[in-house]
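I opened the model to look up its salt bridges, then a helix and a strand. My entries follow in the order I made them.

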Amino acid sequence: APRQVLAWARQEASAGHHLAVLGMGRNLTRVLLLEALQNGVVDFLVKPFTPEFAQARIEKALKLVFADGEDEIAEDGLSPQERVRLGVQRATGTLALPHVVSKTLQLCSDPSANVASFVTPLQSDAAITAMLLRLANSVLYAKQGKITSIQEAIVRVGVKNVRNMVVTASVFKLVSTGSDFITFNRLWYWEHSLAVGVIARIIAGRAKGCSPEDAFIAGLLHDIGKPILDDYARADFNRAIRSAALKGIPLHQAEMEIFGTNHAKVAEMLLKKWDFSEDLVAAVSGHHPTEEAPSSGGLLGEVVGLANQVAKALCIGAAGDFTVEEPPGELLDRLNARELLEDPGFSGRVHEEIRGFLEVLGMRQTKLHWISGSDERKGQVRWKAPRRPLLSLFLGAFGLDRVVGDDVPAVPVEV
């Protein structure tokens, strides 16, 4: 029985024994995933699978538990803090953005640049050119006839949306390879990041003084520090993820306990190296507000922080953090987001826009095992509590409608 195995794994781990425990079943529910993380399970095999696949996953799990990962810094005697510091130094030296991205960012910051200035650098990359034309002719923008010119495509979608597409495609290539365990799966991480970008853009469209295009790129990059931690301090990063799941606290708090910093601060160092704007860097660095710095990310940081929690509530992708932090009411009012989040069509709009972006980028959307289709209604849940928009979104992700009242029977559903 899975729970008996999990109890045994926790007992062995608490005794200081090193184990590489793998789960196995026909599906991976959210409850089972959290229990697995809390009890030291390294990986989960979904049936059916071949013996060759199982052997490869077992060997990979053993390597993670009993030896340093291929990319992890292997120097002995380094503390988690020193490991992260050295990892950031190496990452900022090796993770260079392609020329087309650097040039596009430079032109976006140049007030004298015009549409023609972007044509040459964009045309130097055939894949980027193809994506830009797909974007301009997609349902998101193609309200008129089909176009085949790069210059026309830039005019149609706008310079900032060109920047967003270029950065999205290039950064995905930089971070898509690496860990694929249940603690931090790169494809799940990328889907979460794209969801936060899409949701941030939608929220910014209603918040006064916030650019939707800037909100998208800040949302997309908000967790870019996590792949750095995974590449250069994997064992300690996995420990932080498990600690967060076990204690029921946000991942950034568990990271602070282990590293003395968190993924948002790591992202800040990387984005500064990549010459992103100060406002965007501050938004990413400050998207997890603290009592000491409640608004260090500014308005853009508040939008990204809210979008991050909304994406987790909707269960789109996963980035190692399964604690949804309900936002204060004054934040929802300040961003004019309450009505938006309570709109029955909001979740569908988010999923539709994600599919649109993935189509333009030529990527296929993953299907996480524990996510139910939002169109499939399963029943109602009685919840005696004040109105909580993110709780309602979370229940809606599993086909449940939240109803307040004693006369509505609760429906027990494992999510």
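Entry 1: I started with Lys247, which forms a salt bridge with Glu257; the closest N and O atoms are 3.0 Å apart. Lys247 sits in helix H13 (residues 234-247) and Glu257 in helix H14 (residues 251-259), so this pair ties together parts that are 10 residues apart in sequence. My cut-off for a salt bridge: a side-chain nitrogen of Lys or Arg within 4 Å of a carboxyl oxygen of Asp or Glu. Helices (H or I, at least four residues) and strands (E, at least two) are DSSP runs, numbered from the N terminus.

**Entry 2: ground rules.** I note that this is a predicted model, where local features need pLDDT of at least 70, side-chain atom pairs count only at pLDDT 80 or more, and totals for chains, interfaces and linings use all residues. Residues are numbered from 1 along each chain as its sequence is written, and side-chain values use heavy atoms, with hydrogens and water left out.

**Entry 3: the other bridges.** How many salt bridges does the structure hold? I find 16. One of them joins Lys272 to Glu268, at 3.2 Å from N to O. These two are 4 residues apart in helix H15 (residues 263-273), so about one helical turn separates them. I recalled that an α-helix has 3.6 residues a turn, so residues three or four places apart point the same way. Lys272 is exposed at 51% relative accessibility, while Glu268 is partly exposed at 21%. For these words I use relative accessible area: buried is under 20%, exposed over 50%, partly exposed in between (1.4 Å probe, protein chains only).

**Entry 4: a network.** Arg186, Asp230, Asp231 and Arg234 are linked by salt bridges into a network. Within this group I checked Arg234 and Asp231, whose closest N and O atoms are 3.7 Å apart. Buried or exposed? Arg234 is buried, at 11% relative accessibility. Asp231 is buried too, with a relative accessible area of 15%.

**Entry 5: helix H6.** Next I looked up H6 (residues 115-123), where Phe118, Val119, Pro121 and Leu122 are buried. The elements covering its buried residues include helices H5 (99-108), H7 (126-136), H8 (150-157) and H9 (159-175). Asn114 caps the N-terminal end of H6, with a side-chain oxygen 3.2 Å from the backbone nitrogen of Ala116.

**Entry 6: strand S2.** Strand S2 (residues 41-46) is mostly covered, with 5 of its 6 residues buried. S2 pairs with strand S1 (residues 21-25) in the parallel sense over 5 bridges. Pairing requires that DSSP finds at least two bridges between two strands. I also noted one bridge partner: Val46 in S2 for Gly25.

Conventions:
Contact = heavy atoms within 4.5 Å. Polar contact = N/O pair within 3.5 Å; in protein donor to acceptor, adjacent residues only side chain to side chain.
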